[in-house]
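Welcome, and thanks for opening your viewer.

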Amino acid sequence: NSVDVMCFLDVLELLIEPQRALHEAARVLVPGGRLVINVPAHRWLWSEADEVLGHVRRYTRALLRQQLADTGFRPVLLTHVFSWLVGPVLLKRRLSGGRVPELGLDQSSVSLDRAAMVLTSVERALLARVTSPLGTSILCVAVKAQVSDRN
């Protein structure tokens with residue numbers, strides 16, 4: 001009960017028992033404290049890259065929501081992000097034929113960087129109004145349940 005905010009950015013997908021980490025977050029967060037989570041999305045995006053990175057799973061919003069509920073958290077934001085990246089990632093992975101673990105993010109180009117910044121800014125503005133059903137990641141902000149929330 002001493003921390004206001006905790007971040008698990010690209011962490012839970014690496015853990016065999018992510019609930020243990022979520023329980024620990026609940027233990028150290030103050031009541032009403034916030035947990036920020038980013039995890040890879042969509043099982044159908046699973047590739048050799050996930051194995052190279054040590055991923056145990058890719059998440060659905062339902063799975064993350066359930067793990068949070070089971071450990072005393074309530075999502076206040078739960079959405080897919082990087083929706084604009086799904087097509088390029090799939091294309092690049094298909095073109096490689098599975099021979100090389102393609103992350104889909106390993107391009108170096110000023111033009112691509114600028115396009116990514118614009119697309120991310122547009123997506124961010126949209127996510128202030130709606131959630132996205134598609135994206136390479138899931139972004140979640142959850143609050144630790146207050147004692148009164150659990151009763």
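A word on labels before we set off: helices (H or I, at least four residues) and strands (E, at least two) are DSSP runs, numbered from the N terminus. Residues are numbered from 1 along each chain as its sequence is written, and the model is a predicted one, in which local features need pLDDT of at least 70, side-chain atom pairs count only at pLDDT 80 or more, and totals for chains, interfaces and linings use all residues. Side-chain values use heavy atoms, with hydrogens and water left out.

**Stop 1: the sheet**

Colour the strands to begin. Two strands count as paired if DSSP finds at least two bridges between them. On that basis four strands make an open sheet with mixed pairing, in the order E1-E2-E4-E3. E1 and strand E3 (73-81) stand at the edges with a single partner strand each, so one side of each has no neighbour in the sheet. From one strand to the next, the twist averages 10°.

Now select strand E4 (residues 137-144), which runs antiparallel to E3 and is joined to E3 by eight bridges. Pick leucine 77 and you will find its bridge partner in E4, valine 141. Further along, valine 81 stands opposite serine 137 in E4. E2 and E4 also run antiparallel, with seven bridges between them; here asparagine 38 has leucine 139 of E4 as its bridge partner.

How many of the eight residues of E4 are buried? Buried means under 20% relative accessible area, exposed means over 50%, and partly exposed lies in between (1.4 Å probe, protein chains only). Seven of the eight are buried, so E4 is largely enclosed by the rest of the structure.

**Stop 2: the core**

Next, look for the nonpolar core, meaning a set of buried Ala, Val, Leu, Ile, Met, Phe, Trp, Tyr and Cys residues joined through side-chain atoms within 4.5 Å. The largest one has 21 residues, and those touching the most other members are Phe8, Leu12, Leu35, Ile37, Leu64, Leu68 and Phe73. At least two residues of this core come from each of E1, H1, E2, H3, E3 and E4. H1 gives the most, with five residues.

Zoom in on leucine 68 and list its contacts (heavy atoms within 4.5 Å). Leaving out residues up to four places away in sequence, leucine 68 touches Leu22, Leu35, Ile37, Phe73, Pro75, Cys140 and Ala142.

**Stop 3: charged side chains**

Side chains of opposite charge can pair when their charged atoms come close. The rule used here for a salt bridge is a side-chain nitrogen of Lys or Arg within 4 Å of a carboxyl oxygen of Asp or Glu. By this rule the count is two salt bridges.

Select glutamate 24 and arginine 27 for one of them: the closest N and O atoms are 2.7 Å apart. Both residues lie in helix H1 (residues 18-28), three residues apart, about one turn of the helix. Glutamate 24 is partly exposed at 38% relative accessible area, while arginine 27 is exposed at 53%.

Then move to arginine 58 and aspartate 50, whose salt bridge has its closest N and O atoms 3.0 Å apart. Are these two buried or exposed? Arginine 58 and aspartate 50 are both buried.

Now try glutamate 13, in the loop between strand E1 (3-9) and H1. Lys and Arg count as positive and Asp and Glu as negative, with His and the chain ends not counted. Glutamate 13 is buried yet has no salt bridge, and its nearest side chain of opposite charge, arginine 57, is 7.2 Å away. Not counting residues up to four places away in sequence, glutamate 13 touches Asn38, Val39, Pro40, Gly54, His55, Val56, Arg57 and Tyr59.

**Stop 4: two backbone angles**

Finally, check phi. Most residues other than glycine have a negative phi, and most peptide bonds are trans. Aspartate 10 has a positive phi of about 60° although it is not a glycine. You will find aspartate 10 in the loop between E1 and H1, partly exposed at 43% relative accessibility.

Phenylalanine 82 has a phi near 60°, a positive value in a residue other than glycine, and is partly exposed, with a relative accessible area of 29%.

How values were computed: Axes fitted to C-alpha atoms, helices over the stretch in contact; angles between N-to-C directions.
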